[in-house]
Amino acid sequence: MAEIDALPFSFTFKPQTMALVVIDMQRDFAEPGGFGASLGNDVGRVTAIVPTVKRLIEGFRAAGLPVIHTMECHRPDLSDLPPAKRDRGNPSIRIGDMGPMGRLLIAGEPGTAILDELAPLPGEIVIEKPGKGAFYATSLGNDLKWIGARQLVFAGVTTEVCVQTTMREANDRGYECLVAEDATESYFPEFKAAALAMIRAQGAIVGWTATTDQVLEGIANA
């Protein structure tokens with residue numbers, strides 16, 4: 001057993017059962033002209049965490065621990081995109097429309113790709129997800145069973161939507177979850193703060209939070 005100095009209390013883990021899940025670090029959420037920007041968001045907040053996410057990924061790889069990547073995207077025919085998702089709000093362009101980086105959030109388009117600095121290595125699991133949570137309509141549950149993961153560290157965007165949704169899905173399935181606070185981000189600082197507080201509330205009701213330094217120190221001392 002090993003420990004990560006975390007909130008609301010130490011996260012005890014077995015290295016052989018732990019994996020890193022990097023949520024949706026895609027061009028469409030981090031670069032001008034992508035889906036995030038089409039909603040009027042400051043994508044610079046996402047770009048700012050890239051070096052920290054990269055350091056976390058490299059730390060897991062160096063320790064021989066699995067790294068899993070997710071990408072929010074839809075089929076080109078939009079058959080997995082419900083109108084309730086596509087038609088809400090008033091973005092400048094909608095999911096599936098043509099943008100500067102190809103069709104927004106469509107599998108195989110340039111904007112859907114994971115940022116080059118964080119690109120998956122050959123053999124790393126990549127999950128294409130049509131929803132906010134990474135378990136919905138994907139193979140993630142089976143993939144985690146296949147690699148023997150029972151404890152998950154999370155990074156990526158956005159904290160209050162896809163990251164928190166996936167953590168809640170994982171928690172309901174019996175996984176112990178921790179989010180690296182400085183390796184996740186929201187377009188809205190107050191939403192990130194609220195999400196982190198909700199995650200660790202009431203004795204880690206959803207999971208734990210810790211900094212990237214704390215996570216990597218715990219792994220190094222395991």
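Okay, hi everyone. Before anything else, keep in mind that this is a predicted model.

I'll start with the core. The largest nonpolar core has 43 residues, and the ones touching the most other members are Met25, Leu56, Phe60, Leu178 and Val215. If you ask which helix gives the most to this core, it's α4, residues 50–62, with five residues. Apart from that core there's another one, of 23 residues, and Ile23, Ala134, Phe135 and Leu144 are among them. As background, nonpolar side chains in soluble globular proteins tend to be buried together.

Val215 and Ile219 sit on the α9 side of a contact with α4, along with Thr212, Asp213 and Leu216. On the α4 side you've got Thr52, Arg55, Leu56, Gly59 and Phe60. So how do the two axes of α4 and α9 run? They come within 10 Å and cross at roughly 10 degrees, with α9 covering residues 212–220. Anything under 35 degrees counts as roughly parallel, so α4 and α9 are roughly parallel.

Now, salt bridges. How many are there? The count comes to eleven. I'll walk through some of them.

Arg61 pairs with Glu124, at 2.8 Å from N to O. Arg61 is in helix α4, while Glu124 is in the loop between β6 (102–103) and β7 (125–129), so this pair ties together parts that are 63 residues apart in sequence. Are the two ends buried or exposed? Arg61 has 27% relative accessibility, so it counts as partly exposed. Glu124 has a relative accessible area of 17%, and because buried means under 20%, Glu124 is buried.

Next, Lys129 and Glu72. Their closest N and O atoms are 3.9 Å apart. Lys129 lies in strand β7 and Glu72 in strand β4, residues 67–72, so here the parts tied together are 57 residues apart in sequence. Both Lys129 and Glu72 are buried.

The last pair I'll show is Arg86 with Asp97, which meet at 3.2 Å, N to O. Arg86 is in helix α5, residues 83–86, Asp97 is in the loop between α5 and β5 (98–99), and the two are eleven residues apart. Arg86 is partly exposed at 24% relative accessible area, and Asp97 is partly exposed too, at 26%.

There's also a network here: Asp24, Glu72, Lys85, Lys129 and Lys132 are joined by salt bridges that share partners.

One more stop, and that's Thr17. Where is it? In the loop between β2 (11–13) and β3 (18–23). Thr17 has a relative accessible area of 15%, so it counts as buried. Beyond residues up to four places away in sequence, Thr17 touches Gly148, Ala149, Arg150 and Gln151.

That's my tour. Thanks, and happy to go back to any of these spots.

Definitions and conventions:
Residues are numbered from 1 along each chain as its sequence is written. This is a predicted model: local features need pLDDT of at least 70, side-chain atom pairs count only at pLDDT 80 or more; totals for chains, interfaces and linings use all residues. Side-chain values use heavy atoms; hydrogens and water are left out. Helices (H or I, at least four residues) and strands (E, at least two) are DSSP runs, numbered from the N terminus. Buried means under 20% relative accessible area, exposed over 50%, partly exposed in between (1.4 Å probe, protein chains only). Contact means heavy atoms within 4.5 Å. A nonpolar core is a set of buried Ala, Val, Leu, Ile, Met, Phe, Trp, Tyr and Cys residues joined through side-chain atoms within 4.5 Å. A salt bridge is a side-chain nitrogen of Lys or Arg within 4 Å of a carboxyl oxygen of Asp or Glu. Axes are lines fitted to C-alpha atoms, for helices over the stretch in contact, and angles run from 0 to 180 degrees between N-to-C directions. Angles under 35 degrees count as roughly parallel, over 145 as roughly antiparallel, 65 to 115 as roughly perpendicular and the rest as oblique.
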